[in-house]
Amino acid sequence: MPKKPMKLDTSIHAEANRQMTICNACRYCEGLCAVFPAMTRRRTFSDGDLEYLANLCHSCGACYYACQYVPPHEFAVNVPQIFAQLRSESYYRSAWPRTFAPLFQRNGLIIALAATVAIALFIGGFVAMHDPDALFAVHTGPGAFYRLMPHETMVALFGGVFLFAVVAIVISVRTFWRTSGGGTIGLSDLLIAGQATATLRYLDGQRGGCMNEDEQPTDRRRFYHHCTFYGFLLCFASTSLATVLHNLLGWHAPYAWYNPVVLLGVLGGSGLLIGPAGLLRAKQRRDPQVVSSDTRGMEVAFLAMLLLTSASGLLLLVLRATPAMGILLALHLGIVFALFLTFPYGKFVHGFYRYAALIRFARESKLPVAGTAD
């Protein structure tokens, strides 16, 4: 737990403060997403307030296309863009351990290096533990994967890195919650925020969709985001079920195609192919005026890793009874290991920060509007 907040990029906070002050005077966008009703509860904006509002923003772009003060107007209001920069700044400031916070600023390069090194180590490890020919031999039946890497070693490696990621994310989100003004959380707040998260309620800007390449709203981004989100959850459920089957029933992978582990994995993997591919395509076509080029590397790297994870997993499923199994297993394990390792320092954390912001919004929405910060 950091003893004090990290140093802020004051220029980003100052610019966000300037734009929110203009928005709070205008209030034309009150009927849009959750950001604007939350904004109107304040006369002034602390740094914590601004980071809370930034993480409440889904970057749908509706306010940009509705605003009369966007560039070339001299006020130059661009809420989606400045909030994208501020979200990244909030991740950086709340990261744990502090030593690793700069990884956010070079996330794309770090993920590429981590994946390359992890894949090389897994291939090298397989060769070191066995006769090199075993890497290209055909292994079939229950326990085939563990003939290349013992189950206990897999559990130790992936359990360790997963536990580290969970601890790092929990501590960083707690820091964000406290520095952004947090407060006591009620069960109803968690449920309301959970519903908004599960349905991506605010990604449509309350106008029937998200603006992407122009001012015509579309639900494509929400659809692809849903595929990614639920695809990830299904893959997590598949892995969790495999752990239960292995330890409680002694059923060892790989499993038959009709086993629930495989069915959940195929559904989840398909979602992680469709979702990230669609989001990458939407990102390429998005109006550059409503995004921040500073965060593009982090976002693209995360989507690319999700794509590689699902593609390598599905290929491993199809070719698991062939000589390609050894290399594909090393490739898949290396990518997943790098993904887990970089979870706390990349785009993955945005879901937790946004959920925290939605909890605070749910809590504030039950309070009387006094026109000042709580």
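1. Cavities first: there are four of 30 Å³ or more in the structure. This is a predicted model, with pLDDT of at least 70 asked for local features and 80 or more for side-chain atom pairs, while totals for chains, interfaces and linings use all residues. Residues are numbered from 1 along each chain as its sequence is written, and side-chain values use heavy atoms, with hydrogens and water left out. A cavity here is a set of points, on a 1 Å grid over the protein atoms alone, where a 1.4 Å probe fits but cannot get out; lining residues have an atom within 4 Å of a point. Grid points are joined across faces, edges and corners, and the volume is the space filled by probe spheres set on the points.

2. The largest cavity comes to about 120 Å³. It is lined by 16 residues, and those closest to its centre are Cys 23, Cys 26, Cys 29, Cys 67 and Val 77. Helix 1 (10-26), helix 4 (62-66) and helix 5 (79-94) each put at least two residues into this lining, with helix 4 giving the most, at three. Helices (H or I, at least four residues) and strands (E, at least two) are DSSP runs numbered from the N terminus. By class, the lining has 14 nonpolar residues, one polar and one charged. For those classes, Ala, Val, Leu, Ile, Met, Phe, Trp, Tyr, Cys and Pro are nonpolar, Asp, Glu, Lys and Arg are charged, and the others, Gly among them, are polar.

3. The second largest cavity has a volume of about 90 Å³. Of its 15 lining residues, Cys 33, Cys 57, Ser 59, Cys 60 and Cys 63 are the closest to the centre. Helix 2 (35-39), helix 4 and helix 5 are the elements that supply two or more lining residues. The lining of the second largest cavity splits into twelve nonpolar, three polar and no charged residues.

4. On to salt bridges (a side-chain nitrogen of Lys or Arg within 4 Å of a carboxyl oxygen of Asp or Glu). The whole structure has 13 of them. One pairs Asp 189 with Lys 366 at 2.6 Å, N to O. Asp 189 sits in helix 8 (residues 187-199) and Lys 366 in the segment after helix 13 (350-365), so this pair ties together parts 177 residues apart in sequence. Asp 189 is buried, at 2% relative accessible area. The cut-offs: buried is under 20%, exposed is over 50% and partly exposed is in between, with a 1.4 Å probe and protein chains only.

5. Another salt bridge joins Arg 285 and Glu 213 (3.2 Å, N to O). Arg 285 is in helix 10 (residues 260-285) and Glu 213 in the loop between strand 1 (210-211) and strand 2 (217-218), so to speak distant parts of the chain, 72 residues apart. Arg 285 is partly exposed at 38%, and Glu 213 is partly exposed at 28%.

6. Lys 347 and Glu 299 also pair up, with their closest N and O atoms 3.7 Å apart. Lys 347 is in the loop between helix 12 (325-342) and helix 13, and Glu 299 is in helix 11 (residues 296-318), so the bridge ties together parts 48 residues apart in sequence. Lys 347 is buried at 16%, and Glu 299 is buried at 14%. There is also a network in which salt bridges with shared partners join Arg 42, Asp 49, Arg 360 and Glu 364.

7. Helix 13 also holds Leu 358, which is buried at 2% relative accessibility.

8. Now the backbone, which deserves a look. Most residues other than glycine have a negative phi, and most peptide bonds are trans. The Pro 71 to Pro 72 bond is cis, with omega about 15°, and Pro 72 lies in the loop between helix 4 and helix 5. Trp 96 to Pro 97 is cis as well, with omega near -10°; Pro 97 is in the loop between helix 5 and helix 6 (107-129).

9. Two non-glycine residues have positive phi. Arg 27 has phi near 60°, sits in the loop between helix 1 and helix 2 and is partly exposed at 28%. Leu 200 has phi of about 50°, lies in the loop between helix 8 and strand 1 and is buried at 8%.

Key:
On a 1 Å grid over the protein atoms alone, a cavity is a set of points where a 1.4 Å probe fits but cannot get out, and a pocket is an open set with protein on both sides within 12 Å along at least five of seven lines; lining residues have an atom within 4 Å of a point.
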